[in-house]
Amino acid sequence: MDVTTHKIYDRLPAWLFSALVVAAILWLTLAREPLPRNSLPLIPGFDKLGHACMFGGLYFALAFDSRLHYRKRGKKNPRRGAARRALLLAGICIAFGGLIELLQEWTGQGRSADWLDFAADAAGVLLSAAVTPWVLRRLGPGAPTR
C-alpha cells in the first residue's frame with residue numbers, strides 16, 4: 001500500500017465504512033420495496049447469497065474500521081487480541097442478523113422473519129471472519145507500504 005493511501009485512511013473517521021454498511025443493510029432488509037421490481041426470473045437461493053454477502057461485508061467493514069482505529073491510535077501490533085476481537089465482531093454481526101429478522105416480523109412492512117436468512121447471515125459472517133484477516137494484512141490499514 002502506498003503512502004497516499006495511508007494519508008487517505010488517516011483522514012477517514014474510524015467508523016465510516018461500518019456505518020455505511022449498516023445503513024445499506026437496514027435499507028435493504030427493512031424497506032418494503034428496497035429495489036425496483038424487474039422482470040428477471042429469480043435464481044433459486046439468490047436471496048440467501050445476498051444475505052451472506054451483506055453480513056460478511058458487515059464483518060469486513062467492522063474489522064477494517066477496527067484496524068483503522070488501532071492504526072490511528074498508534075498501536076504497533078493490531079494482531080494482539082485479534083482472536084478475541086474477531087469473536088466479538090462475529091457475535092455482533094450474527095446478533096444483528098437475528099435482530100433484523102425479528103424486526104422484519106414486527107414492523108408490519110409485509111416482510112417476515114426467515115430463519116434460513118439468519119443462517120445465511122451467520123454463514124456469511126463466519127466465512128468473512130476466516131478470510132478478512134488475510135485480506136487486511138495485505139491490503140488494509142496497517143499493511144506494509146511499498
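The model is predicted, so local features need pLDDT of at least 70, side-chain atom pairs count only at pLDDT 80 or more, and totals for chains, interfaces and linings use all residues. Residues are numbered from 1 along each chain as its sequence is written, and side-chain values use heavy atoms, with hydrogens and water left out.

**The whole chain**

- The chain has 5 helices and 0 strands. Helices (H or I, at least four residues) and strands (E, at least two) are DSSP runs, numbered from the N terminus.
- Along the sequence, the pattern reads α-α-α-α-α.
- The chain holds 146 residues, and 32% of them are buried. Buried means under 20% relative accessible area, exposed means over 50%, and partly exposed lies in between (1.4 Å probe, protein chains only).
- Of the contacts with a separation of 6 or more, 80% join residues 24 or more positions apart. Contact means heavy atoms within 4.5 Å.

**Helix α5**

- Helix α5 spans residues 115–139, which is 25 residues.
- From first C-alpha to last, α5 reaches 34 Å, close to the 36 Å expected at 1.5 Å a residue. The expected span is 1.5 Å times one less than the number of residues.
- At V131, α5 has a kink of about 40 degrees, shortly before the proline P133. The bend is the angle between axes fitted to the seven residues ending at a residue and the seven starting there.
- Buried residues of α5 include D117, D121, G124 and L136. The buried residues of α5 pack against α3 (46–72) and α4.
- At the start of α5, a side-chain oxygen of D114 comes to within 2.9 Å of the backbone nitrogen of L116.

**E101, in helix α4**

- E101 sits in α4, which covers residues 82–106.
- E101 is buried but has no salt bridge. A salt bridge needs a side-chain nitrogen of Lys or Arg within 4 Å of a carboxyl oxygen of Asp or Glu.
- The nearest side chain of opposite charge is K48, 7.8 Å away. Lys and Arg count as positive, Asp and Glu as negative; His and the chain ends are not counted.
- Beyond four places in sequence, E101 contacts several residues, among them H51, W115, D117 and D121.

**S112, in the loop**

- S112 lies in the loop between α4 and α5.
- S112 is partly exposed, because its relative accessible area is 46%.
- Not counting residues up to four places away in sequence, S112 touches E101, Q104 and E105.
- S112 and L30 are 82 residues apart along the chain, yet their C-alpha atoms are separated by 9.9 Å.

Conventions: Polar contact = N/O pair within 3.5 Å; in protein donor to acceptor, adjacent residues only side chain to side chain.
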